[in-house]
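Biologist: Could you take me through this model feature by feature, giving the general idea before each case?
Modeller: Gladly; let us look at the structure together and begin with a hairpin.

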Amino acid sequence: MAKPPKIVKRSAKSKAPAPLPSKQEILDFINNSEKPVGKRELARAFHLRGDQRTELRGLLKELASEGSIDKGHRRKMAPKGALPDVLVIEVHEVDPDGDAFAKPVSTKQHGDLDENVRIFMKPHSNRNVPAPKIGDRALARLKRIGDKSYEAEIIRTLHPAKEKVLGLLEATKGGCILHPTDRRSKLDYFIAENDLNGAKAGQLALVQPMGGQRVYGAQQGKITEVIGSFTDAKAFSLISIHAHGIPMEFSDEVLKEADALPEPTLGKRTDLRDIPLVTIDGDDARDFDDAVFAEPDTNPDNPGGWHLLVAIADVSNYIKTNGPLDKSAQDRGNSVYFPDRVVPMLPEQLSNGLCSLRPHEDRACMAVHMYIDRHGKLIRHKFIRGLMRSAARLTYEQAQDAIEGRLDETTEPIMETVIKPLYAAYQALDEARQSRGTLELEIPERRIFVNDAGEVTKILPRDRLDSHKLIEEFMITANVAAAEALEAKNARAIMYRVHDEPSLEKMEALRESLEGMGHNMTKGGVITPRQFTGILKKVEGTEQAQMMSDIILRSQAQAVYAPENLGHFGLALRRYCHFTSPIRRYADLLVHRALIKAYKLGDDGLEAEQADEFEDLGEHISQTERRASVAERECKDRYVTAYLSEHVGAEFKGRVNGVTRFGLFITLDETGADGLIPIATLPNDYFIHDEVHHALVGRQTGMTYRLGESVTISLREADAITGSMTFAIVDGGKVDKKLQRSVGGKSGSSGRGGKKRFSRSKDKSSSKKDRSERSEKAKSPFANKGKKTRGKRR
């Protein structure tokens, strides 16, 4: 946040002129201003008169010639590289929380913009104005809130894109009302009977917005497509699929090509069928694209070392560049996994057939022989194309049970020859991981169990076993080997998996947060993941542990695919590719093709035309990955919300996983469900948002709610259509007089505070009878439509 400009105070009775400010004082004033300033504002701020204004003009010219400031519209001064206070912007990103970010439409007047410049679009004060979408343009007034960040207030919307809206139909007089499934959508739509096109109440449908006078307070529209019934078993995943434009059906041309593919033969491949490779996956896995094997290295120059073999389904053998299958896979970018279904990147004939490494069946594979020393360091590697036959399909639980002495008919015969060597090699790989100092963030996952009727039967945390880590380390090592192998051959194009180090802006914000919690982080110098892990170890087992993990996670850059190598910060690796999952990730298929080309492993390697497109391909598959992640999370949210909707009024334990100016985001301990406590419902005080300490602080009482703290909440509303929940605080928070004093001088304006708080400590409507009534309403698909929950999530 930009600091308020320093104003020179001077007695109103004084006739003596104020001293002329220095260039540094002028520069500080300009740098701390929320918008560009003119000579008049500067003269007024420093109480300059007569000839002093002429001298001020000279100082400003010097600052401009030195490159310290820019002169913009109407000769107003701004920091070097700053944007003007009014300009046309275009939305380029809408994050999972619904926040929209924009960029200037033209940079001709502003020079080359720093890529870290962020323009946050302030939510419109009129709730009936639709949320901004990618591609929308607007004339906006900017307010600088940081060195490289701005807040944009929309003056006028320019050419908004009219997109179809997915929603649930509810009967009303003269037609239906469509309630959008997107929690960020502020508008309902009225569809007249003549515009329903056969759609009925209770169905999910797409509406095309129309102009005209509003009906029942809703915008008019017409139905273009019926998606299905809200009562269908797979309705929640259908919502996510259509809301995010995920391709679901394969064309006849694609299916025809897949049906014609032959079974693999040995040919020129290396015969690996005598090696007892095994697959280890979750018990809910739908495809098996990687198999592993380990044995002691017999080379006397590598005492205590290991020979590892990782075999991956040879997808490139079946998918020809620019063919129907390839174009379809590229468009999808990756498979998408929902609790009740998978939307695969490849047709079932491949994903569950020819490219699935099922036990005791011959399968074409790309394999890598890797040799590591006794400390887990990768010494050498060799890539081949082979024909393998999986010796067994194990689950993570099976493998873990076996190494702990609980054998079954599958694991007992391969215990000594397969399972024990795998775990021994893993120990060496884990030592290498610890040695290089990776970022160790434990992010809890939940598994949602759904029956055939589409009902959630239970929600359980996913265990983090050594068998999970074993496969993870084998795959990481193979991915490193792929990157090294391609670089060794100076491959024309390499699709790296890039995880850049945190930006300076995020690091400074993190440093302030850590200092606020009593932890120092060295300013300047090289940032390493080991530093973060060291901080996490210091607070392990304390109340700060989860909060610290959340704060550090938020400071990290997003991993992407790109042909430019920036290393993988989180894994502490200089080079890294994705090689191990070509069934479900197009990036891995590109790496396979590059290896085939570089090492002359066949005539189906990477073609020059596709190599030239790697930059665009990287952006595309990074976007489809984000699309899948958001769609999967939103689907899970709806399932969990439906599961909890029968418990409105009940109390749950949870923790604060997000603190904003408008409330607290809470994650429930048992189910992992997320919901919002609106700031207006926090009792008995006026709460101020303390960004540095990630807290809401009561100005009068000092009651403080901080990121990571445990709380008890009651469930007030559960809207299964949007997957959003609203909570009320029951117990939690601590009085912090120090933070109370730190916010005491703040105004609590809408920018950093909130509305006047209610002076009640409990929801007076939460009688047993009311809770029962609300519980019954929540079972309806139209529950809570009178009080929409449109809160954002972290």
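**Reading a hairpin and its neighbours**

Modeller: In the hairpin of β29 and β30, where 4 residues lie between the strands, H694 takes a positive phi near 50°. Strands here are DSSP runs of E with at least two residues, helices are runs of H or I with at least four residues, and both are numbered from the N terminus. This is a predicted model, in which local features need pLDDT of at least 70 and side-chain atom pairs count only at pLDDT 80 or more, while totals for chains, interfaces and linings use all residues. Residues are numbered from 1 along each chain as its sequence is written, and side-chain values use heavy atoms, with hydrogens and water left out.

Biologist: How many bridges join β29 to β30, and do the strands run parallel or antiparallel?
Modeller: Two strands pair if DSSP finds at least two bridges between them. Here 4 bridges join β29 to β30 (residues 695-698), and the two run antiparallel; in β30, G698 is the bridge partner of F687.

Biologist: Which way do the side chains of β29 point?
Modeller: In a regular strand the side chains alternate between the two faces of the sheet. In β29 (residues 687-690), F687 and H689 point one way and I688 and D690 the other way, and all are buried, where buried means under 20% relative accessible area, exposed over 50%, and partly exposed in between (1.4 Å probe, protein chains only).

Biologist: What surrounds Q610, and is Q610 buried or exposed?
Modeller: Q610 belongs to helix α15 (residues 608-611) and is buried, with a relative accessible area of 4%. Counting a contact as heavy atoms within 4.5 Å, and leaving out residues up to four places away in sequence, Q610 touches T321, D326, Q330, Y586, L590, R593 and L617. A polar contact is a pair of N or O atoms within 3.5 Å; within protein, one must be able to donate a hydrogen and the other to accept it, and residues adjacent in sequence count only if both atoms are side-chain atoms. The side chain of Q610 makes such contacts with the side chains of Y586, at 2.9 Å, and R593, at 3.1 Å.

Biologist: How should I read a salt bridge, and how many are found?
Modeller: Side chains of opposite charge can pair when their charged atoms come close. With a salt bridge defined as a side-chain nitrogen of Lys or Arg within 4 Å of a carboxyl oxygen of Asp or Glu, a search of the whole structure finds 30. One of them joins D314 and R385 at 3.0 Å, N to O; the pair links distant parts of the chain, 71 residues apart, with D314 in the loop between β16 and α6 and R385 in strand β20 (residues 378-389). D314 is buried at 0% relative accessibility, and R385 is buried at 10%.
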